[in-house]
Amino acid sequence: MLRRLMVQASNNQRCRCLLTPHSSLLFQQRSSSSSSFTSPSQIETSTSVEQLESSNPSPKTSPLPSSSISVDRSGLYNPPEHSHEPSSDSELVKHLKGIIKFRGGPISVAEYMEEVLTNPKAGFYINRDVFGAGGDFITSPEVSQMFGEMIGVWAMSLWEQMGQPTRVNLIELGPGRGTLMADLLRGASKFKKFTDSLNIHMVECSPTLQKLQYDRLKCIDEDSSDVSVEKRIISALSRTPVSWHATLEQVPAGSPTIIIAHEFFDALPVHQFQRASRGWCEKMIDVAEDSSFNFVLSPQPTPATLFLMKRCKWAAAEEIAKLGQIEVCPKAMELTQTITKRISSDGGGALIIDYGLNGLVSDSLQAIRKHKFVDILDNPGSADLSAYVDFASIRHSAEEVSEDVSVHGPITQSQFLGSLGINFRFEALLENCKTDEQEESLMTGYWQLVGEGEAQFWEGPEEKTPIGMGTRYLAMAIVNKKQGIPVPFQ
């Protein structure tokens, strides 16, 4: 089953991302007479983008008039229907339906995605371990220790380009189980000058994952006889202080910074737009008459239309013309600018590795539950939601806010890891394998990190054939220009 899933992802140049048809399956007509939102199936498509571009102000000029941005709130004060019938809806489903009823209209795909993933009580990431074979998906750090080790090589190389500062904030966004950071510290433990300079900051909102990270980094509370000194948490892997934060903004500024964002941007909420006869309309999520969730189109421009116009200003007209749908991620743009400002002021750099495109993204939002792709509206909160990363948008967002940084890439994960020496590391580890099982595990992990398609060497069960992600994942770096061009982007 895993092989069939990954072969399908490989054939479509996807990883954790398989397009779900949005025609008859998801676009159910909302026939309620009180709603002015339109089912996507009712919209006559058009190949023209003039309706968007003619009203697009330049990002450097005045924004759209507020009168042209509205959401139908006609049912805001309509009391919800009351029933004594028992409901099988989960708490998160009830919460989402409550939001829609209170507003008297649908919510954006972005708001739905954010609630599903990070709702404090029932969000997908909040109260469970979703990684690994027993979870919902497997990430590169869980595949092989070599991935975290190569990220460590990159971080040390940047540290040297920074002049080997004695204090560095090493920040990881969305650290998962902490496997990447643990492998990074273990691999760098012999370079004591580097590890002694580090202050590790894990940006993680899930209490469950924070505990897993604490254990994976072998953290201990530092002993101190001085009661006036705040006790620190130390990783026993390298005697490095570790702290946790809910957001990047909470990480103390003022020190040179190295930021790692592996499979973080793909989970940021996206807004989806569909071309219609009246122009670009935002896709929204509503409650149908049968109480299920369905997609509708906004009758008028929404606030997110400003980000759509901004994104289209960065694209060529022919690139826009061939698309019937576009995804934009305002939070990715804003996060990129936050990262860029910190790197500009404090020095350092950021490494972003994810699956995506170096251009406009069409319709990529998908749901994965127990390694299977499912309908994104099915049982929200029980499946991971993710979307392709728009690397071109990251580049433009960074260059827009500072002339002190340079953006490099994207290049494929295979190129990135290969240039850092993963082939030599693989050969060294292979020589130390004592059993056939160890050798098979190492070769499988190596292929998944840098290979493309099915592994030709595989002689095991067909359904477990390793599938390479080396060309489906991309790497991009944002660095302070004072450091020069980072490896391996020269």
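Predicted model: local features only at pLDDT ≥ 70, side-chain atom pairs only at ≥ 80, totals over all residues.

Trainee: What volume does the largest cavity have?

Mentor: About 160 Å³. It is lined by 18 residues, and the closest to its centre are Cys329, Ala332, Tyr388, Val389 and Asp390.

Trainee: Which helices and strands each supply at least two residues of that lining?

Mentor: Strand S11 (325-328), helix H12 (330-346), strand S16 (389-390) and helix H13 (391-401). H12 gives the most, with 3 residues.

Trainee: And how many of the lining residues are nonpolar, polar or charged?

Mentor: For the largest cavity you get 12 nonpolar, 2 polar and 4 charged.

Trainee: OK, what about the second largest cavity, how much space lies in there?

Mentor: About 30 Å³. Its lining includes Val116, Ala367, Asp375, Ile376 and Pro380. By type, the lining of the second largest cavity splits into 6 nonpolar, 2 polar and 2 charged residues.

Trainee: Switching to rings. How many aromatic pairs are there?

Mentor: The count is 8 aromatic pairs. Take Tyr112 and Phe293: their ring centres are 6.2 Å apart and their planes are at 65 degrees, so that pair is edge-to-face.

Trainee: Where do Tyr112 and Phe293 lie?

Mentor: Tyr112 lies in helix H4 (residues 109-118) and Phe293 in strand S10 (residues 293-297), so the pair ties together parts that are 181 residues apart in sequence.

Trainee: Are Tyr112 and Phe293 buried or exposed?

Mentor: Tyr112 is buried, and Phe293 is buried too.

Trainee: How are the rings of Tyr355 and Tyr473 arranged?

Mentor: Their centres are 5.8 Å apart with the planes at 65 degrees, so this pair is edge-to-face. Tyr355 is in strand S12 (residues 348-357) and Tyr473 in strand S20 (residues 473-480), so the pair links parts 118 residues apart in sequence. Both tyrosines, Tyr355 and Tyr473, are buried.

Trainee: Which residues do ring pairs link into a cluster?

Mentor: Tyr355, Tyr388 and Tyr473.

Note on methods:
Residues numbered from 1 in each chain as written. Heavy atoms only, no water. Phe/Tyr/Trp six-rings, centres within 6.5 Å; stacked < 30°, edge-to-face > 60°. Helix = DSSP H or I, 4+ residues; strand = E, 2+ residues; numbered from the N terminus. Buried < 20%, exposed > 50% of the residue type's maximum accessible area, 1.4 Å probe, protein only. 1 Å grid on protein atoms, 1.4 Å probe; cavity = no way out; pocket = protein on both sides within 12 Å on 5 of 7 lines; lining within 4 Å. Points joined across faces, edges and corners; volume = space filled by probe spheres on them. Nonpolar A, V, L, I, M, F, W, Y, C, P; charged D, E, K, R; others polar.
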